[in-house]
Amino acid sequence: MTSTKRQGRISVPELRARKGGEPIVSLTAYSAPVAELLDPHMDFLLVGDSVAMVIYGMDSTLGVTVDMMIAHGKAVVRATKQSCVIVDLPFGSYQESPEQAFRTSARIMAETGCQAVKLEGGVEMADTVRFLTERGVPVLAHIGLMPQSVNTAGGFRAQGRNADESARIVADACAIEEAGAFGMVIEGTMEDVARAVTEKVTVPTIGIGASPECDGQILVTDDLVGMFSTFKPKFVKRYAELGEELQKAAAAYAADVRARRFPGPEQCFHPKAPQAAE
Ligand code: KIV
């Protein structure tokens, strides 16, 4: 197991400087215990709005609120020492105007202590990205497949399948780079488009379902460790089967309780035996 020990957190400029260098490694985190375990191994942790599906069982990210992101962001920051922590701006909390985006970002950064925020969008969000970055809010953008636009897109499907879609993604990437984003997540996008974007922009690209052509990778931690038994996206590689382990543990515990094998003598409290007199 390789991990890094360093003093203090990885900063946004350090992430930015990794363009074209050692790949940037990232996972999502929503809770203190998981964040603490991931921290020594990651460059940044994303408190993603995927919390909607992973923790709350929602079927899209649209139901997440700013208060939810703040609660999970605080837990992740509190439990970590090294990773840069980035928090997603939830749907409806930034799209209305640059001013709304600034108010939401400032509140999230002040209340959680995170280093940056992430928002979805390209050309249409460039003014907002500029407004934020000029006022001290580092922005990681998110282009390609954008889960908050599931209703306008009509579902989740890989992007960049034809010349128009590819040109739009490249234009999005250029617009948000020019507006000051320090990096961009590219989700669910054809490999040649991810490569074209990565070659074109001077900030790091972080892929999720966007091939090894990106400057780094991110996955949803619960996908990585197999906490969902029913659905595995094509772009996920499972490194553990914790869902199966949890089911086995629950079944073994249930069997022990029903057979009165648990708790055993070692799990019980008894008065201390009196000391023998000399
Ligand atoms: O919310 C999230 O987890 C994300 C990642 C999938 C990049 O945005």
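At 32% relative accessibility, Arg168 counts as partly exposed. In this predicted model, the side chain of Arg168 meets that of Asp172 in a salt bridge, with 3.4 Å from N to O.

As for cover, Glu178 is exposed, with a relative accessible area of 59%. Arg130 comes out at 25% and is partly exposed; that value falls in between the limits of 20% for buried and 50% for exposed.

What about the rest of the salt bridges? The count comes to 15. In general, side chains of opposite charge can pair when their charged atoms come close. One of these pairs is Asp256 with Arg261, whose side chains meet at 2.7 Å, N to O. Asp256 is partly exposed, at a relative accessible area of 27%, whereas Arg261, at 51% relative accessibility, counts as exposed. Elsewhere, salt bridges link Asp67, Arg107 and Glu111 into a network.

Turning to the strands, β1 spans residues 24–28 and is mostly covered, with four of its five residues buried. Strand β1 has a parallel partner in β8, residues 216–219, and four bridges join the two. Strand β2, residues 44–47, also runs parallel to β1, and this pair is joined by three bridges. Leu27 makes a handy landmark for a reader finding the way around these strands: Leu27 stands opposite Leu219 in β8, and also opposite Leu45 in β2.

Then there is the ligand. Which residues are found around the ligand? They are Thr28, Leu46, Gly48, Asp49, Ser50, Asp88, Lys118, His142, Val185, Ile208 and Val220. Among them, Thr28 falls within the residue range of strand β1, and Leu46 falls within that of strand β2. By type, the shell divides into four nonpolar, four polar and three charged residues.

For Ser50, a side-chain N or O atom is 2.5 Å from a ligand oxygen. The side chain of Asp49 has an N or O atom 3.0 Å from an oxygen atom of the ligand, and for the side chain of Asp88 the corresponding distance is 3.1 Å. On its own, the ligand has 260 Å² of accessible area, and the protein covers 95% of this.

Technical notes. Residues are numbered from 1 along each chain as its sequence is written. This is a predicted model: local features need pLDDT of at least 70, side-chain atom pairs count only at pLDDT 80 or more; totals for chains, interfaces and linings use all residues. Side-chain values use heavy atoms; hydrogens and water are left out. A residue is near a molecule or strand if one of its heavy atoms lies within 4 Å of it. A polar contact is a pair of N or O atoms within 3.5 Å; within protein, one must be able to donate a hydrogen and the other to accept it, and residues adjacent in sequence count only if both atoms are side-chain atoms. Accessible areas come from the Shrake-Rupley method with a 1.4 Å probe; for residues, only the protein chains shown count as cover. Ala, Val, Leu, Ile, Met, Phe, Trp, Tyr, Cys and Pro count as nonpolar, Asp, Glu, Lys and Arg as charged, and the others, Gly among them, as polar. A salt bridge is a side-chain nitrogen of Lys or Arg within 4 Å of a carboxyl oxygen of Asp or Glu. Buried means under 20% relative accessible area, exposed over 50%, partly exposed in between (1.4 Å probe, protein chains only). Two strands pair if DSSP finds at least two bridges between them.
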